[in-house]
Number of protein chains: 2
Amino acid sequence: MNEFKIKFLPHDKEVSVKKGTFLIRAAMDAGVHVNASCGGEGVCGKCRVLIETGDVDEGITEKLSREDIDKGYRLACRSKVKSDLVVRIPVESTIDVSVLNKLATPRKTARIKERNLEDLKEKGLFVPPVVKKYLELPPPSAENNMADVSRIVNALRNEHNEHRLEFNMPVIRKLPDVLRTADFKVTVTIARGVRKEGKNRIINVEAGDTTDRNFAIAVDIGTTTVYGQMIDLRTGEVLAQYGDFNAQISYGEDVISRIVFSEKEGGLQILNEKVVGTINQVIDQITKRSKVDPEEISTITLAGNTTMTQLFLNISPRYIRRAPYVPAATLYPPAQAFSLGLNLPDHVTALVYPQVSSYVGGDIVAGVMGSGMGHDERLTLYMDIGTNAEIVIGNKDWLVCAACSAGPAFEGGGVKMGMRAAKGAIEDFSIDPITLEPMNITIGNVRPKGICGSGLITMVATMFEVGIISSNGKLNRDLDTPRIREADGVYEYVVAWKNVSGIDRDIVLTEIDIDNLIRAKGAMYSGCMTLLKEVGLDIHALDRIILAGGFGSFVDLEKCMVIGLLPEIDPGKVTFIGNGSLLGARMSSLTNRIRSDVGNTLARMTNFEFSETVSYMDNYIAALFLPHTDLNLFPKLKSRMEARQKLKT
Amino acid sequence: MNEFKIKFLPHDKEVSVKKGTFLIRAAMDAGVHVNASCGGEGVCGKCRVLIETGDVDEGITEKLSREDIDKGYRLACRSKVKSDLVVRIPVESTIDVSVLNKLATPRKTARIKERNLEDLKEKGLFVPPVVKKYLELPPPSAENNMADVSRIVNALRNEHNEHRLEFNMPVIRKLPDVLRTADFKVTVTIARGVRKEGKNRIINVEAGDTTDRNFAIAVDIGTTTVYGQMIDLRTGEVLAQYGDFNAQISYGEDVISRIVFSEKEGGLQILNEKVVGTINQVIDQITKRSKVDPEEISTITLAGNTTMTQLFLNISPRYIRRAPYVPAATLYPPAQAFSLGLNLPDHVTALVYPQVSSYVGGDIVAGVMGSGMGHDERLTLYMDIGTNAEIVIGNKDWLVCAACSAGPAFEGGGVKMGMRAAKGAIEDFSIDPITLEPMNITIGNVRPKGICGSGLITMVATMFEVGIISSNGKLNRDLDTPRIREADGVYEYVVAWKNVSGIDRDIVLTEIDIDNLIRAKGAMYSGCMTLLKEVGLDIHALDRIILAGGFGSFVDLEKCMVIGLLPEIDPGKVTFIGNGSLLGARMSSLTNRIRSDVGNTLARMTNFEFSETVSYMDNYIAALFLPHTDLNLFPKLKSRMEARQKLKT
């Protein structure tokens, strides 16, 4: 048995967790606050809890007296679950338990959704764009001395019903020798045309039967990170995955600074070489890890935002950052991978995901294709949250999209103590509404070093719900706690004192940080509002939300709705697809249906430039509150706030 | 007035020639024999003729006495026509003039046929596969910020009815800057798909209106020589032409020795580099001579025999020379010219003519396409005569083809004193049937150095008709002349004595030479017989003959029929198209109809391997006589021979 039930008292909250889970994470999941500012390293000693029933591993430190230990007290942050438990949280204040219950909302993250390959297979859509066929040919004779190419074309036509065949030149070059070495028993690789009436290209010929070895690579070219997957085209399985920082990063953190660099003398060349180099490293890693011979790879599909795509293809992105923001192209022709600088054999075709506009790029198109939202009846909101957040709304009949300048707050940028979601980042947070003491949970259970995006959202949402942060993002200066203070003219809340932090100073959340978050979420939310308004709908029409991007996997959906980042919706209707760009690239490798659909989908994706959309600025200004100037858009939160108000009075 | 009438007495033959023509050539054209063994350099002094009426320039040398000069004698080989003339040939023998008349047949060369461009235009077939379109685009604005590529596609679609457009990557790379430099007034180059439903590729974009500058290159890759032409795609005009020896020639004279060399370590690479180098030189020359900027070139179309094509494409020709003689491919995909090593900008597409078989190559397919025989009602014999002679027979309904191992006799190879058609080569010949004295006419009117193909044919035909050479190719040993002698056990005829020859010895025609010529013509003729027989026809069914190859322009058609190289047919039905390979390459550059037809034509060209065709050997053996064992196949010759027989008796 690996799942145990933990009951927290006096809250009377129950949660199921896996064996070995730290008790403090179980409490967080149950929505139970435990004072804990040191991030789970056992330093502050504040997370003392009483194990009333059951047993835990560890949890005993010098912070606990002999007496306490004997009574059954443990540090929640160091205790690992090993049985069903009843745990009592010492409530040292006089707070009414019923208040605790009202405030506690169990953490709800998005369901992780994987496209089901079996489903594709059942629907007959598992038709990889590249297939292998094994042929046993009659050797040439005086009566039948047709050309080698014709011999193969004939066999494919007559025995495999393959038509409109065309050979790549390198295949013709090696064909005569391969045929004779292999005694005319060979495997050919056919790359299908995108359109039904298109040509089927023979891109490789190998001696013997190699039909069980056919692989494809999918790549997401991110501004920050490049991810690659090696895919088995027989099974659809991902054999290896690897991610590496985009080596362009030394020339600028975001796309705008990259574009600026590309305009310098030789800049484009450098950025092109850097990203191609990174992709080559990723290819090298996944090839080694999956033990695939590069000769067995048939295609590589790449998706990236418009700037990354143009830099990868060595096309100046100069006009992307200048009004009226014109990309070079939306659709790119298939190319030989090596002609783009990729270290792949010359038979490998590179397919590049098309772009909608300068700021809605191939990564988003890939996500839309990979998620299948363009074939779904339900009205879906697709959000890829990052520095440049993109939104797509629509269903099988129509699609609208836009990019929002959310700023880097969700990735820890523009936040005083902000950091990426790395070890030491506070990723979860709770606060005691009476003592105002925090509960910090960090990635890696080490002393906190900073606050990552999901931590920031939870922090602001939690503090807003208990009234520490007001609707306009200000800290309540009347509260009696040393944690709220003014420094250099800016009010801030001390999340972790220097003595328990992993850095040499206090970790704080400032009003400027809160303001940046409000601007970021305001941009996103007003983006959705604007798109919906442009098509004559309102926010209640949404049937579901798909989150993409590294951000979406950890974030507490309820908290996102509290700050007004996401529209209020049943969290069960929110799914997380992870790296949508990589998903789309992989799906394209597996089914030709997606490749043939992408042109149509692209044509259906109506792009809005918010800088040119009059209603956007009004929506944006209205969204610069927690959760929004119009509280009726968030009815559940509204009723909780009203309940809290009643409790107070 | 530039044409003058020359009447020769006592033969009473008349001919029209241009001003400045040497009198000896006028005599040859009229079929009048004049003793002249020195090739026209005035050395032997034997071509003394009497100018009875009219006047000539020059023609006076030390070989003539003062008295002769006063009487009006001149040397025919040094006299230039400058008025109408009556010229008497001193007949020093007692031969009956009527015999002379019977023997004399005026020289008849093939009509040179040029495909008429106006005709193509009238039929609406002048649709070059590459066109330029000038566009004045609306610059991007906030309301219309579509991608640069989309802007062009839209304009082409809406204003020029162009569809299924696809961009080459290099065009996308330069497009954004070109558009803005040119204020959105640009010219795009569209390469049409071969098939109607194929894609139209945009291969170039230039600033401003450059529609008046659009060029194509046509290349014939010959085993010996590479020819190129620069073609203006607006007018169809050839702006420049250049030929150069194929630099592969140092590695072997014929295709077989090249294949052998290609099989050595590194041999293929060397031969590939050599022929690509030669083509690049040709490109360079025609580009300079036509003052075309390489950027203005849109396509290059190349045709060559199967071995040359494979060597050019860097495909081992190893199996071409091994039974069952299998080429790598028949059809080759279009390729980027630079990817094949050609010094052309990266937008230029290279189209390579397809092959029928290992020995009926792209040069022949190009000739068939260029001559239009596959669309003609008439049953046509197409012959490309060279070392490897190819034959195509057919009409609009069917086509059969084969290669004959004619051997190099037609190019002066395998002949003791044989040489290419260069300065000093005896290219025309006549003999006095009584004195057995020759009349040699050389290229360049210099002392003879050897015998070229057309000279050899005329020589053997003439000597056969007057009975010096017998039906089985033997010299008549009974004749009383020092010119027929035995040397090293082989009988020979002295064409020019050492004292008048341009080399340090006598120039002779040996029985071995005659035998080689008989084998060569036998291979060709029996090839025609065999192909016709295989389709159930006989030689009389032929409506016309098309000759291709350098050989065909000079040769006397009647003489070809005398030796049995060509079937007996009205010489007016024989046309000469010169370099058929180059013609086809040029025609393909001018009309997409040919490009789209070539696949169908290829499929209709039924190839015969004579080594596998039982009847071929029988036909060959029957053809090893002058003109043939069956004299009924040559009725006109038969009647002349019977007349001669009657005169003798």
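How are H7(B) and H8(B) oriented to each other? In this predicted model, helix H7 (residues 255-262) of chain B packs against helix H8 (residues 267-290) of chain B at an angle of about 130°, and their axes lie 7 Å apart. H7(B) and H8(B) are therefore oblique to each other. On the H7(B) side, the contact is formed by Arg258(B), Phe261(B) and Ser262(B), which meet Gly267(B), Leu268(B) and Leu271(B) in H8(B).

Chain A is divided into four domains, with the following bounds.

| Domain of chain A | Residues |
|---|---|
| domain 1 | 1-103 |
| domain 2 | 129-207 |
| domain 3 | 215-359 |
| domain 4 | 370-408 + 526-648 |

Taken over C-alpha atoms, the centres of domain 2 of chain A and domain 3 of chain A are separated by 30 Å. Contact between these domains involves 9 residues of domain 2 of chain A and 7 residues of domain 3 of chain A. On the side of domain 2 of chain A that touches domain 3 of chain A, at least two residues each come from helix H6 (169-181), strand S11 (185-191) and strand S12 (200-207) of chain A. The residues of that side of domain 2 of chain A are 6 nonpolar and 3 polar, with no charged residues.

The relation between the chains remains to be described.

Notes: Residues are numbered from 1 along each chain as its sequence is written. Chains are lettered from A and ligands numbered from 1 in the order in which they are written. This is a predicted model: local features need pLDDT of at least 70, side-chain atom pairs count only at pLDDT 80 or more; totals for chains, interfaces and linings use all residues. Axes are lines fitted to C-alpha atoms, for helices over the stretch in contact, and angles run from 0 to 180 degrees between N-to-C directions. Helices (H or I, at least four residues) and strands (E, at least two) are DSSP runs, numbered from the N terminus. Angles under 35 degrees count as roughly parallel, over 145 as roughly antiparallel, 65 to 115 as roughly perpendicular and the rest as oblique. Two residues are in contact if their C-beta atoms, placed from the backbone, lie within 7 Å. Domain bounds come from an automatic or database domain assignment. Ala, Val, Leu, Ile, Met, Phe, Trp, Tyr, Cys and Pro count as nonpolar, Asp, Glu, Lys and Arg as charged, and the others, Gly among them, as polar.
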